[in-house]
Amino acid sequence: MEVNKASFTREVPEDRQNALTKILLLRKPAKVMIIGDIDTGKTTLAVYLANELISNGLRVAIIDADVGQKGILPPGTISLALVDSHFSSMEELEPYAHYFVGSITPTQFFGEMVVGVSKLSEVAKRLADVVLIDTTGMIYGSGVDLKRMKIEAVKPDLILALEREDELEPILRGYEEVTMKLQVSEQARDFSRAERRAIRREKWRKYFENAKLRVFELSNVAVTGTSLFQGKPISEREKSLLERLFKWVVIHGRRIGDKYFIVKADVVEGPRNIDKNVLRFLDFTKLSNILVGLINKEGFCLGVGILKGINFAEGKIELLTPVEEPVAELRFGRIRVREDGEELGILDRDAL
């Protein structure tokens, strides 16, 4: 299966040349943010502009912030690539740096999305003449707030808005002076949810095809993005009480302030009356195949891994990952995926 929806073409609407001219006239380094609904050709535009800018002798950086339909692997991250030669699709680009988000949808991860784009933009503008920022197609509801926060954080010199009617107006209000509206190409194709999932499946599979098991000692790395190791271990008395009360086997438990977080397995099936403001719990079967970011000391993501097991007694975490470099932090995401690319679902932000 083709793993990229966008590839280089010069068969583009005439206003793309106007956009190119506008970028060439900007003071360098220049940051250009591309926004639009799903399937409006944002990535195709980024690929076109990057190639044309290179032809004009400029150094180009691309930030791929479309966490669900990534061109630059892996999904679930925001990625920066430095482009010094012509290319046909994002898949050909080697990542220079990643920022870990941990999901294929930004809905519960606004902080990570904004910080990641902002942080990578700062790196990119030191290394390139033009920074092209490709964004998600989330433009309605809370997506309006997310896009506006990104614009506030990045302060782009130019916003290229791919619009069919006036659907981007709530996002662009107040930014008209730096906005250039472009028509959606007739070549832009709609992709079904099943097609998007199939494309991601192939990207996950490709990313993990040479992955190996790595074991991390909890004493040697910071573990973030989860409540698993916050607070203090529960006492044997608390563990016994919870097991009797809820008919559980408590595999791991922490007391975090005046609340509890429990990893459990059910002894008997059936509903339980639990105040989730006091007690949060995760079924042990969900504590596998979770996407985990492997983070360096600077807070950048070296790559991702799939959680294969936690030995709470020995303080060890086992990940399947292609990353071989030293790691300072393991950051838990919320999507569960197998190494063959099959997605197993997304956990709620508060579940872990």
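Analyst: The discussion below takes the sheet and then a pair of helices. Please note that this is a predicted model.

User: In what order do the 4 strands of the open sheet follow one another?

Analyst: The order is β10-β11-β12-β13, with mixed pairing. β10 (232-233) and β13 (279-283) each have a single partner strand, so these two stand at the edges and one side of each lacks a neighbour in the sheet.

User: How many bridges join β12 to β13?

Analyst: Strand β12, residues 259-266, is joined to β13 by 5 bridges, and the two run parallel. Within this part of the sheet, Tyr260 is found opposite Leu279 of β13.

User: Which strands does helix α7 lie across?

Analyst: Helix α7 (residues 236-246) lies across β11 (248-256), β12 and β13, and its direction makes an angle of about 130 degrees with β11.

User: At what angle do helices α3 and α4 cross?

Analyst: The axes of α3 (residues 110-127) and α4 (residues 142-154) cross at roughly 30 degrees and come within 9 Å. Angles under 35 degrees count as roughly parallel, and α3 and α4 are therefore described as roughly parallel to each other. The crossing of α3 past α4 is right-handed.

User: Which residues make the contact?

Analyst: From α3 come Phe110, Met113, Val114, Val117, Ser118 and Ser121; α4 contributes Ser142, Asp145, Leu146, Met149, Lys150, Ala153 and Val154. By class, the residues of this contact of α3 with α4 comprise 8 nonpolar, 3 polar and 2 charged.

How values were computed:
Residues numbered from 1 in each chain as written. Predicted model: local features only at pLDDT ≥ 70, side-chain atom pairs only at ≥ 80, totals over all residues. Heavy atoms only, no water. Pairing = 2+ DSSP bridges. Contact = heavy atoms within 4.5 Å. Axes fitted to C-alpha atoms, helices over the stretch in contact; angles between N-to-C directions. Parallel < 35°, antiparallel > 145°, perpendicular 65-115°, else oblique. Left-handed = near helix turned anticlockwise from the far one by under 90°. Nonpolar A, V, L, I, M, F, W, Y, C, P; charged D, E, K, R; others polar.
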